[in-house]
Amino acid sequence: NRVSGWMMMEKITSIEITNRASGPYYEDEIVVETVKIYRTGKIKHLQYNGLAEKPVKEFDYKISSAEMNTFFDLLVSRIKIQDWNEDYSVPVCDGWSWEFKMRHSNNTAKKVIGTVEPPPRGKQLRSSIYKLTDFQVKPWMF
C-alpha cells in the first residue's frame, strides 16, 4: 500500500510574509508590514513605523478551519510554495524587500527572501490572502 509523495510531506502549519521599505522615510511612516497566517484560522496583520520595535497597529482576524485548510492546500497545489528558491533578491539601491517564512507540522521552517519582484505566483498568493477576510487595512505584500 503505497502513499504518494505529497501525502508524505509534513503539513504547512503557518506562513508569514514581511515587507520592508528601504531608503528615506519619516519616523512615523509605516515601513514594515507582517502578515501571519495560521492553519488554525488565525490571521495577524502587524504594521511598524520607522522607530517601532513593536507594532504600531495590529489587526487580528479569524476564519473557519475549513476555509483555512482550503487556503493551505492551495499554497501547495496551485502556488507551489514548496518549490520556491531561497533567494529572489536582485541588487537595488532603494525600494523594498520581502521575507516569506513557512513552518511545517514537524517544526521545520523554510525562509525565502527577495527584493522588488514577488516570488513565482506571488501575486496569486497575495490575491488569495486578500480573499481570506475583509481586512480593515489591506496588507502590503510583494
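Tutor: The protein chain has 3 helices and 7 strands, where helices (H or I, at least four residues) and strands (E, at least two) are DSSP runs numbered from the N terminus. Their order from the N terminus is α-β-β-β-β-α-β-β-β-α. This is a predicted model, in which local features need pLDDT of at least 70, side-chain atom pairs count only at pLDDT 80 or more, and totals for chains, interfaces and linings use all residues. Residues are numbered from 1 along each chain as its sequence is written, and side-chain values use heavy atoms, with hydrogens and water left out.

Helix α3 covers residues 122–130, and G122, L125, R126, S128 and I129 in it are buried; buried means under 20% relative accessible area, exposed over 50%, and partly exposed in between (1.4 Å probe, protein chains only). These residues lie on the same side of α3, because they cover an arc of only 160° around the axis, the arc being that of the directions from the helix axis to the C-beta atoms. An α-helix has 3.6 residues a turn, so residues three or four places apart point the same way.

The cover over the buried residues of α3 includes β1, β2 (30–38), α2 (65–77) and β6 (95–104). Contact here means heavy atoms within 4.5 Å. Strand β1 spans residues 12–22 and contains S14. S14 counts as buried because its relative accessibility is 13%. Leaving out residues up to four places away in sequence, S14 touches I37, Y38, F72, K101, M102 and R103.

The loop between β7 (109–115) and α3 holds V116. V116 is not a glycine, yet its phi is positive, near 60°. Most residues other than glycine have a negative phi. With 32% relative accessibility, V116 counts as partly exposed. K80, in the loop between α2 and β5 (87–88), also has a positive phi, about 55°, without being a glycine. The relative accessible area of K80 is 34%, so K80 is partly exposed.

For the chain as a whole, 40% of the 142 residues count as buried. Among contacts with a separation of 6 or more, 56% join residues 24 or more positions apart. Along the principal axes, the C-alpha atoms fill a box of roughly 60 × 35 × 25 Å.
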